[in-house]
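Keep the sequence and the coordinates open side by side while reading. The paragraphs below go from strand pairing to the ligand surroundings and then to a helix contact.

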Amino acid sequence: EETTKPVTEQLVDTLTQLSGGPHAKFRANHAKGIVAEGVFTPAASAAEITKASIFTTSNPVTVRYSDATGVPNIPDADGNAFPKGIAIRFNLPDQSLADLVCISVNGFPSATPEDFLGLLNAVAASGKETTKPTTIEKYLGSHPAALKFVTTPKLPPESFATQAFFGVNAFKFTNAKGETHYGRYRIEPMNGQKFLSPEAAKAADANYLMNELPVRLKNGPYSYKISVQIADAGDTLNDATVTWPDTRRVVELGTLQIKNIKADGASYERQVMFSPLNLVDGIEPSDDPILLARPGAYAVSFGRRLQ
Ligand code: HEM
């Protein structure tokens with residue numbers, strides 16, 4: 001009997017295929033990672049935007065940095081390891097939690113999960129093709145957002161500590177007065193972004209990012225500013241391929257300080273699934289179909305990782 005798999009499962013299948021997997025016990029995407037710990041301290045301005053406990057109280061956080069793709073040993077400076085990821089878990093005193101799951105580029109190649117599957121399938125098909133234009137060339141020719149994403153310079157950062165990250169999908173924020181705003185997260189290193197030169201990127205060790213972080217943290221903590229870019233009336237809220245102008249208001253939510261590598265990080269990351277829809281009161285999802293598809297895809301990958 002023929003059954004069509006849900007698009008979320010097809011996405012995980014294609015990500016797995018593209019990575020040369022399955023790779024037992026690893027994520028189907030953002031497989032290579034490192035886990036650290038720190039603390040989030042709110043800024044006074046956060047309360048203007050949201051009553052969410054994660055942004056109005058100080059809490060311990062667990063942070064997983066990652067390279068893109070499902071390849072567990074991808075070289076950190078490889079173009080395919082772009083975008084980098086950051087997953088931040090706020091561990092609240094009542095055992096509840098919330099996650100921010102962001103990437104190192106402000107945008108996404110596709111507006112819907114079906115379109116993203118089309119892109120991944122076009123990449124998968126074009127490996128074996130000899131006639132031009134290939135499936136991926138045709139796909140990119142008719143999908144400008146995907147073309148923009150794949151041609152974005154893939155600058156390898158000096159460190160995960162010198163990389164900015166973006167939420168890409170919009171969320172709806174409610175403050176204590178009941179006022180609502182839509183916004184997108186920004187996570188910016190306090191000491192600015194720093195990238196490798198092309199020469200340094202070519203010479204970089206396959207694990208230079210994963211090796212650098214413990215060394216850096218021995219010399220002390222580092223921090224990011226977490227803020228939210230606020231949509232104006234009329235801005236597109238449900239399409240992650242459409243960035244908003246840089247002139248939009250940006251409100252600071254607080255400071256993320258990273259203090260140490262997590263001791264049991266390797267087993268922790270296997271047992272944990274971060275999700276952009278792990279939320280607390282004061283933050284709701286937008287109706288962006290990419291955002292709404294993510295937990296389903298992540299759960300498929302998580303379930304396979306536990307087998
Ligand atoms: C439909 C679109 C997307 C699909 C199908 C997808 C797929 C996946 C999958 C399967 C995983 C592994 C999850 C796990 O096993 O725990 C993952 C992880 C991740 N994704 Fe996505 N993703 C999508 C969109 C996005 C977007 C828009 C962002 C950022 C704005 C993002 C950032 C990340 C990050 C940072 C991780 C690693 C999380 C961790 O460290 O556990 N993804 N993605």
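**Strand β7 and its partners**

Phe166 has Arg186 of β7 as its bridge partner. Helices (H or I, at least four residues) and strands (E, at least two) are DSSP runs, numbered from the N terminus. The model is predicted: local features need pLDDT of at least 70, side-chain atom pairs count only at pLDDT 80 or more, and totals for chains, interfaces and linings use all residues. Residue numbers start from 1 along each chain as its sequence is written.

Strand β5 (residues 165-166) runs antiparallel to β7, with 2 bridges joining them; two strands pair if DSSP finds at least two bridges between them. Strand β6 (residues 171-174) is also antiparallel to β7, and here there are 4 bridges. Within that pairing, Lys172 has Tyr182 of β7 as its bridge partner. The hairpin of β6 and β7 has 5 residues between the strands, and in it Gly178 takes a positive phi near 85°. Strand β8 (residues 222-230) is joined to β7 by 7 bridges, again in antiparallel fashion. Pro189 stands opposite Tyr224 of β8.

β7 itself spans residues 180-189 and is mostly covered, with 7 of its 10 residues buried. A residue counts as buried if 20 or more other C-beta atoms lie within 10 Å of its own, exposed if 12 or fewer, and partly exposed in between, with C-beta atoms placed from the backbone.

Next, the ligand. Which residues come nearest to the ligand? They are His30, Gly85, Ala87, Val168 and Ser301, out of 32 residues around the ligand; a residue is near a molecule or strand if its C-beta atom, placed from the backbone, lies within 6 Å of it. Two or more residues of the shell come from each of α1 (7-18), β2 (59-66), β3 (85-91), β4 (97-103), α4 (113-126) and α10 (289-305). The largest share, 8 residues, belongs to α10. By class, the shell has 20 nonpolar, 8 polar and 4 charged residues. Here Ala, Val, Leu, Ile, Met, Phe, Trp, Tyr, Cys and Pro count as nonpolar, Asp, Glu, Lys and Arg as charged, and the others, Gly among them, as polar.

α4 also packs against another helix: its axis and that of α5 (residues 135-142) come within 7 Å and cross at roughly 150°. α4 and α5 are therefore roughly antiparallel to each other, a label for angles over 145 degrees. Axes are lines fitted to C-alpha atoms, for helices over the stretch in contact, and angles run from 0 to 180 degrees between N-to-C directions.

How values were computed: Angles under 35 degrees count as roughly parallel, over 145 as roughly antiparallel, 65 to 115 as roughly perpendicular and the rest as oblique.
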